There are 2 protein chains.
Amino acid sequence: MNTAEHALSIFALGGVNEVGKNMYAVQYADDIVVIDCGSKFPDESLLGIDLIIPDITYLRENKDKIRALIVTHGHEDHIGGIPYFLKQLNVPIYATRLTLGLIEIKLKEHGLLRETQLTSIDSNSNIELGTIRLTFFKTNHSIPDCLGVAFHTPEGTVVHTGDFKFDLTPVNDQYPDIHKMADLGKNGVLALLSESTNAERPGFTPSEKLVGTHIEEAFNKADGKVFISTFASNVHRVQQVVDAAIKTNRKLALLGRSMVNVVSVAMELGYLNIPDEMLIDASEVHDLPAERVAILCTGSQGEPLAALSRLSNSKYRQVEIFPGDTVIFSSTPIPGNERNVARIIDNLFLLGAKVIYGSGTATGMHVSGHAYQEELKLMLTLMKPKYFIPIHGEYRMLYQHRLLAESVGVEKENIYVVQNGDVVDISHSNARQTRKIPAGNIFVDGLGIGDVGDIVLRDRKLLSEEGMLIIVITLSKSENKIVSGPDTISRGFVYARQSEELLNDVNEIVTKTINKLQKENVTQWKIMKQNVKESVGKFLYAQTKRRPMIVPIIIEV
Amino acid sequence: MNTAEHALSIFALGGVNEVGKNMYAVQYADDIVVIDCGSKFPDESLLGIDLIIPDITYLRENKDKIRALIVTHGHEDHIGGIPYFLKQLNVPIYATRLTLGLIEIKLKEHGLLRETQLTSIDSNSNIELGTIRLTFFKTNHSIPDCLGVAFHTPEGTVVHTGDFKFDLTPVNDQYPDIHKMADLGKNGVLALLSESTNAERPGFTPSEKLVGTHIEEAFNKADGKVFISTFASNVHRVQQVVDAAIKTNRKLALLGRSMVNVVSVAMELGYLNIPDEMLIDASEVHDLPAERVAILCTGSQGEPLAALSRLSNSKYRQVEIFPGDTVIFSSTPIPGNERNVARIIDNLFLLGAKVIYGSGTATGMHVSGHAYQEELKLMLTLMKPKYFIPIHGEYRMLYQHRLLAESVGVEKENIYVVQNGDVVDISHSNARQTRKIPAGNIFVDGLGIGDVGDIVLRDRKLLSEEGMLIIVITLSKSENKIVSGPDTISRGFVYARQSEELLNDVNEIVTKTINKLQKENVTQWKIMKQNVKESVGKFLYAQTKRRPMIVPIIIEV
């Protein structure tokens with residue numbers, strides 16, 4: 001990057017034209033500050049992939065310039081890529097206490113805790129990193145301790161909102177730093193990066209507090225045990241479940257590894273207030289009268305191995321759902337999870353449970369953590385940015401956010417709807433977007449990072465839909481004829497025992513094909529294999545209308 | 001079935017605890033009448049499966065008793081299984097003209113048209129089939145010409161609603177036969193089978209006519225071309241698009257094979273009224289001023305090969321979307337299709353189109369064809385059944401429908417929430433459900449019907465997630481040692497060229513394993529293969545945390 005030419009540069013390495021894998025950077029001269037390092041779950045087309053993380057080629061090539069990784073909050077789409085990032089670049093991390101607590105869990109798992117420099121900050125911190133000075137402001141979201149970040153550079157101030165909503169009656173009285181935001185705007189924001197997750201939704205998100213009153217009502221009304229499922233990291237929600245349990249004289253059991261982990265970190269750090277005598281172990285649930293028990297569990301997104309799914313299949317070892325028990329989904333299904341969630345609801349009804357479910361805010365048991373349209377307009381109005389870059393969202397969300405920005409007075413030509421890797425350069429207060437740096441998806445599969453590429457995925461797709469047929473032929477070197485085989489092995493194509501006739505036909509076709517080639521003195525294996533593939537493929541398609549992967553193996557002896 | 005003991009029997013072979021694949025039957029003594037024969041699309045766990053159809057073992061075993069297949073309407077989940085059914089059982093089919101028209105398209109494709117007896121009926125038909133007399137009533141739905149069916153048996157009357165809503169201001173003035181329904185109720189309905197698709201939704205479905213006014217408004221407002229996408233079989237919707245085009249002085253092009261097919265059948269049979277001069281060919285779209293053109297296309301569910309998807313990728317040969325054009329989704333995404341639909345919306349925005357989209361009735365561009373709760377209660381109230389069997393729906397929908405039936409006075413113990421294959425027997429006005437007949441999913445994969453079973457699917461799943469590694473070893477018969485190989489072939493596991501080291505290590509492990517066994521004089525291939533699988537599997541998991549399918553091939557020469 002020619003830093004003489006481009007004094008201030010802003011770019012995304014992940015998070016635009018997608019939901020997840022957030023990673024942004026602000027660079028001034030030779031100082032780069034990275035914001036967030038998230039991961040994303042693969043959709044069903046990426047067969048067997050565990051996780052997607054950002055391509056950090058550009059950062060690797062400029063590692064001497066990276067001053068810090070700032071993490072806005074502790075959700076996976078903001079911290080999930082950190083262990084993989086740190087394995088390549090040892091960069092100091094700045095985040096609030098809860099966020100650090102959640103990062104530490106990850107670093108422990110990857111054995112990276114000792115060598116990483118972690119610095120705790122809060123909304124009053126003021127950090128100098130080379131030519132860039134950072135200040136922060138508190139925001140509300142579905143996890144506590146979230147920050148927005150202001151990058152004060154010689155060229156001007158860049159603001160990154162992180163994830164936010166404006167909750168004016170927040171749980172735990174953690175109000176958004178609305179006056180700080182106003183001050184930033186008054187003093188001049190050169191460029192605003194603001195999240196777009198709910199840019200398609202009109203109105204203003206309901207307050208988290210509303211959920212608490214509905215949970216308490218449901219707890220009151222329930223005759224039997226109450227199960228309630230939500231994201232473990234939604235600590236305010238967890239606090240409201242605890243409060244409802246206290247008020248309705250129920251003990252609370254926690255089910256699910258992430259629930260137990262996050263709750264213990266949040267309690268330890270003082271973000272969660274649970275009286276000791278409140279908590280019971282899963283094994284104690286059935287010792288108490290049903291109406292004295294509440295159970296907080298993971299699995300609200302239908303995850304097949306999480307607590308709620310196992311409870312719905314009667315496969316949770318220590319706890320059972322009985323007819324008359326109440327199950328509350330304090331959540332809304334993320335797109336793609338609808339079917340798994342529906343399956344669980346069906347099973348819960350089959351067990352005789354009363355199930356409180358529904359999408360969005362319909363049941364009163366969930367509110368979003370992301371700003372709706374009026375809140376996005378409020379943020380834009382407070383910040384009055386010259387330049388605006390909508391972030392965090394698929395294209396239609398960025399597009400709608402652009403329209404919102406125009407509606408509150410941002411100049412149309414000053415809005416940059418970017419791709420991952422696009423660089424917005426600002427020099428003498430003039431922005432332009434003409435350069436690109438490398439950006440993309442790196443696939444994590446087991447221990448492999450980036451070793452599964454398009455060829456492997458294409459093979460997996462073919463194998464998954466049509467299966468394969470291995471054909472083994474042994475040729476004699478001296479006599480130039482088949483000495484053994486052809487033998488066929490079917491996997492995922494047809495069940496061999498039921499398809500003997502078909503496979504015998506295949507063997508005949510292979511024999512004919514090879515014999516014909518040998519009469520023509522064709523002995524190159526490549527040509528032989530190609531001919532076998534073609535003749536068998538054609539035959540199988542005519543017979544079955546399927547196109548399995550055909551793997552000819554020729555052995556010469 | 002012991003017909004002496006069970007005079008009247010009702011059962012589902014598909015359609016309960018699922019959405020799709022509807023197939024029910026009413027049997028009195030030796031007369032069986034089948035209702036509908038639908039198919040269902042597989043979810044993403046059924047890798048490579050094209051279609052799911054009902055298991056008709058029971059009908060095959062009782063083929064002499066089957067008097068007819070009655071088809072309530074022309075949707076895939078009611079007619080999609082017919083060709084496969086007819087290949088096993090040649091049964092006369094009764095349906096309305098449009099339904100028959102759509103069935104004929106299928107029978108032609110399968111070469112079954114000539115040998116099938118098709119009888120056209122309408123809501124006034126009266127059919128005697130052995131001991132069962134059938135009458136019919138008109139219902140509204142998202143396809144014209146739908147019927148409910150009353151089975152008059154010596155034991156009493158059984159009513160099957162088919163799919164329905166109560167549209168009191170229907171397009172084309174096809175009013176529901178509400179007085180006939182009332183008469184049936186007045187004369188006594190022994191058992192009602194009523195559809196449950198929208199049993200979770202409170203209220204009353206809006207009328208289809210409402211959509212027409214919104215389409216016309218949008219057509220009026222649009223400056224450029226207007227694209228509108230809906231299900232081809234929603235003939236009333238298509239008519240309203242045609243009417244809006246006429247009123248706004250636009251010509252209409254039809255894109256997509258099923259749109260062209262269904263529209264031509266519906267026009268031919270008089271269900272659709274399109275003036276000849278209205279229709280233009282795709283190739284003529286760009287000859288007219290943009291504001292004089294409307295385009296009706298398939299692909300509203302995000303189907304990757306349908307017209308709308310190709311338009312959104314600029315891959316439709318003759319028609320292009322330009323900035324300022326309007327695209328209307330006259331549909332709501334079916335669960336599971338959300339992501340594909342969202343991808344298309346993103347691409348449409350990228351092309352600069354104005355996109356009208358949203359789920360449910362939010363945009364006014366779509367209404368459901370299935371009764372909401374108040375309509376379901378109205379049907380139950382009209383029919384006043386003694387026994388009630390909620391059909392068409394996943395368990396939670398059947399469960400909610402049961403609660404609705406209780407709320408309007410059906411006795412709790414007279415409601416049967418059944419599984420596919422459960423038989424409800426009614427004798428002397430007393431019902432019981434104690435017997436089961438075979439029922440289940442038959443998978444269609446290419447030309448194969450039922451030949452892909454659990455083993456093949458399990459293999460496909462494994463292959464899709466982890467890929468496979470083929471290991472070829474050639475052993476000498478005489479000398480009892482490896483003469484060639486081991487050679488490895490990776491597909492969907494790792495990309496061989498980038499993983500030479502790993503695969504060399506595998507070869508070494510295989511050699512060691514075989515040598516060790518031979519020293520111990522173990523020569524059975526089965527044991528050798530097992531040992532190779534285990535040692536290589538263990539090594540690969542330690543190295544990569546992946547478990548590819550390992551296929552050892554031993555050749556003896």
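The following conversation concerns a predicted model.

Reader: Which residue does the UniProt annotation "binding site" cover?

Author: That annotation, which comes from an unreviewed UniProt entry, covers A:His78.

Reader: And where is the place of A:His78 in chain A?

Author: A:His78 lies in helix α2 of chain A, which spans residues 76–79.

Reader: Is A:His78 buried or exposed?

Author: A:His78 is buried, because its relative accessibility is 0% and the term applies to anything under 20%.

Reader: What does A:His78 touch?

Author: Leaving aside residues up to four places away in sequence, A:His78 is in contact with A:Asn22, A:Asp36, A:Cys37, A:Gly38, A:Val71, A:Thr72, A:His73, A:Asp163 and A:His392.

Reader: Turning to the overall layout, which domains does the assignment give for chain A?

Author: Chain A is assigned domain 1 (8–203 + 368–430), domain 2 (208–356) and domain 3 (454–556). The centres of domain 2 and domain 3 of chain A, taken over C-alpha atoms, are separated by 54 Å.

Reader: Now the helices: how do the axes of α11 and α12 of chain A cross?

Author: The axes of helix α11 (residues 373–383) and helix α12 (residues 395–407) of chain A come within 9 Å, with a crossing angle of roughly 55°. The two helices, α11(A) and α12(A), are therefore oblique to each other.

Reader: Is the crossing of α11(A) and α12(A) left-handed or right-handed?

Author: The crossing of α11(A) and α12(A) is right-handed.

Reader: Which residues meet there, between α11(A) and α12(A)?

Author: From α11(A), the residues are A:Gln373, A:Leu376, A:Lys377 and A:Leu380. They meet A:His401, A:Leu404, A:Ala405 and A:Ser407 of α12(A).

How values were computed: Residues are numbered from 1 along each chain as its sequence is written. Chains are lettered from A and ligands numbered from 1 in the order in which they are written. This is a predicted model: local features need pLDDT of at least 70, side-chain atom pairs count only at pLDDT 80 or more; totals for chains, interfaces and linings use all residues. Side-chain values use heavy atoms; hydrogens and water are left out. UniProt positions are given in the numbering used here, feature names are shortened, and annotations may be inferred rather than shown by experiment. Helices (H or I, at least four residues) and strands (E, at least two) are DSSP runs, numbered from the N terminus. Buried means under 20% relative accessible area, exposed over 50%, partly exposed in between (1.4 Å probe, protein chains only). Contact means heavy atoms within 4.5 Å. Domain bounds come from an automatic or database domain assignment. Axes are lines fitted to C-alpha atoms, for helices over the stretch in contact, and angles run from 0 to 180 degrees between N-to-C directions. Angles under 35 degrees count as roughly parallel, over 145 as roughly antiparallel, 65 to 115 as roughly perpendicular and the rest as oblique. A crossing is left-handed if the near helix is turned anticlockwise from the far one by less than a right angle, and right-handed if clockwise.
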